[in-house]
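My entries follow in the order in which I made them.

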Amino acid sequence: MTDAPRVRHALPPAHWPSADEAARALLFRPLAVGPVQVASRTWVPAMVPWRASEDGFVTPNVLDWYGRFADGRPGVLVVEATGIRDVPSGPLLRASHDRFVPGLRDLVRVVRERSGGATRLLLQIIDFLAIRRRPEKAKFFARFLALTDRHRDAVRERFGAAAAADDAAVRAQLAACDDAALQAILTPREFRDCAFGQRDEVNDLHQPHVRELPRVLPDLFALAALRARDAGFDGVELHYAHAYTMASFLSRTNVRDDGYGGSPTARRRLPLEVFAAVRARVGRDFVVGTRFLGDEVIDGGSRIDDAIGHGTAFAAAGFDFLSISKGGRFEDAKQPHTGEAAYPYTGPSGHECMPTVRSDHRGPFGRNVHLAAAVRAAVRAAGHPTPVVAAGGICDFAQAEAILRAGHADLIAAARQSLADPDWWLKMRLGRGAEVRRCLFTNYCEGLDQRHKEVTCQLWDRDFAAADGAAAPRSQDGKRRLLPPPWRP
Ligand SMILES: Cc1cc2nc3c(=O)[nH]c(=O)nc-3n(C[C@H](O)[C@H](O)[C@H](O)COP(=O)(O)O)c2cc1C
Ligand code: SF4
């Protein structure tokens, strides 16, 4: 899908409530989410902050990070995408083995203490397929391309017999080709592997590990959920959104012919089997919800009609909440530099996932609420009370309250506004909204995420004059605060 022309939008004027108004607000009223009561309808969605250890353990910086969000007492705090496979995956949290449980237990303890027990804690659990960095062109043709007669013939036809004298000559000739010639000679997939880096897809049934996904994923998700339960979490969020395995199963681009692709029913078969396996392990008194896409925003991808079908089926199956996100796919990601991996938040679908003030005429604020509203309406029409979570450019009390009052969503998620100021929920609740540090929606934080650097916010990361002064933990280069300055009510 093409990127619509963008203009720069101003932040909308903020409408902060008095303490009395907040006390009457729907936003601060409790709600049942599956088996638990949530104290308010405020939600911090998952954000990877790149603070886990290289081998996936909770570190003191992870504890500080979630403790700081807990200070603001959101109704629900979702811990970042956490891997279910016991394989090296850099500084991303893992729940892929029992050895990770003690660290996760510490995380639960810190959030309970810092929120005074007010915040429900969920772990977002994720599976992702292999992705490689963009290779050097010469290396790709020398080592990675599986040479076939199709390549040999095409090179002979275009460049003459000498260029196709033997495989080494064919490889050397291909390495010397420009993109136009390569696009004519290679398959679209081979060209993509060369230009963007190789990545597995759920459609790659010729690869045994991809074919086997329906056999292995239910147990992997279920065991990770059980570890979250053992660690004391209130529940898990099954990550069925963005660029990752389960979202790709749900996608219209999933054309597997093994019963797990093609029709909408077949595409959600594995997501439902994963849910059933998780539920069977953790029981009914543990929250099991999902985050999935209201719209993939890619050519040939799923749209709201698919999301409505998926959401209704998930609600019927007994998911405890449905959290609606948008976009964030690899298919339209920008070409990475050589030696870097594609990042799924760089193309038009990425912009829809984390919209900035440089946006089309609709602007970024509450931009994706209509998707949550459409899913919620269909779920209610089918007779299910399942709570629906809306996210995307929500940063103001009046806006959040209006979404709830209109019945567009049951819970309000704010990622970047909570990063800019994790106390903003509490400030609103206390009638001190004027003190909220407002997110600028220019995605400095996302740029750090893209480079796998510790995520911080431009509004506070150089504030060394704050009350905690020199004691504030700093980024590895020593230049940025790792935590927002403290705020005392
Ligand atoms: C630094 C960063 C990391 C993120 N990591 C995740 C993640 O691990 N899982 C997820 O579902 N969404 C992730 N997101 C997306 C957010 O949860 C949220 O959907 C998005 O930022 C839009 O909401 P907002 O406008 O309130 O920021 C991330 C966003 C940011 C800025
Ligand atoms: S870095 Fe920018 S976009 Fe990110 S939370 Fe801070 S102000 Fe918002």
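**Core entries**

I started at Ala-390, which touches Ile-324, Val-369, Ala-372, Ile-403, His-408, Ala-409, Ile-412 and Ala-413, leaving out residues up to four places away in sequence. I note here that the model is predicted.

I then looked up the nonpolar cores. The largest has 120 residues, and Ala-390 is listed with Phe-221, Val-389 and Ile-412 as having the most contacts inside it. Helix H10, residues 213-231, supplies the largest share of this core, 10 residues. I also found a second, separate core of 8 residues, with Phe-141, Val-155, Ile-185 and Cys-194 among them.

For the domains, I have domain 1 as 7-130 + 205-471 and domain 2 as 137-196. The centres of domain 1 and domain 2, taken over C-alpha atoms, are 42 Å apart.

**Helix H16**

I checked the length of helix H16, residues 369-381. Its 13 residues should span 18 Å at 1.5 Å a residue, and the end C-alpha atoms are 18 Å apart, so the two agree.

Which residues of H16 are buried? I list Val-369, Leu-371, Ala-372, Ala-373, Ala-374, Val-375, Arg-376 and Val-379. I note that Arg-376 is in this buried list. The buried residues of H16 pack against helix H14 (304-317), strand E9 (322-325), strand E11 (388-390) and helix H17 (397-405). After H16 comes Gly-383, with a positive phi near 90°.

**Two loop positions**

Pro-30 sits in the loop between helix H1 (19-24) and strand E2 (31-33). Is Pro-30 buried or exposed? I count Pro-30 as exposed, because 11 other C-beta atoms lie within 10 Å and the cut-off for exposed is 12 or fewer. Not counting residues up to four places away in sequence, Pro-30 touches Gln-37, Val-38, Ala-39 and Ser-40. Pro-30 and Ser-40 are 10 residues apart in sequence, with 4.6 Å between their C-alpha atoms.

Ala-414 is also a loop residue, between strand E12 (411-413) and H18. I count Ala-414 as buried, because it has 26 C-beta neighbours inside 10 Å and the cut-off for buried is 20 or more. With neighbours within four places in sequence left aside, Ala-414 is in contact with Ile-394 and Cys-395. Ala-414 and Ala-400 are 14 residues apart along the chain, and their C-alpha atoms are separated by 9.6 Å.

**Ligand shells**

Ligand 2 is surrounded by 13 residues, and the closest are Arg-416, Cys-439, Tyr-444, Cys-445 and Cys-457. Which element gives the most to the shell around ligand 2? It is H18, with 3 residues. Helix H18 (416-420) and helix H20 (444-450) each supply at least two residues of this shell. I sorted the shell around ligand 2 into 9 nonpolar, 3 polar and 1 charged.

Notes: Residues numbered from 1 in each chain as written. Chains lettered and ligands numbered in written order. Predicted model: local features only at pLDDT ≥ 70, side-chain atom pairs only at ≥ 80, totals over all residues. Near = placed C-beta within 6 Å. Helix = DSSP H or I, 4+ residues; strand = E, 2+ residues; numbered from the N terminus. Nonpolar A, V, L, I, M, F, W, Y, C, P; charged D, E, K, R; others polar. Domains from an automatic or database assignment. Core = buried A, V, L, I, M, F, W, Y, C linked by C-beta atoms within 7 Å. Contact = placed C-beta atoms within 7 Å. Expected span 1.5 Å × (residues − 1).
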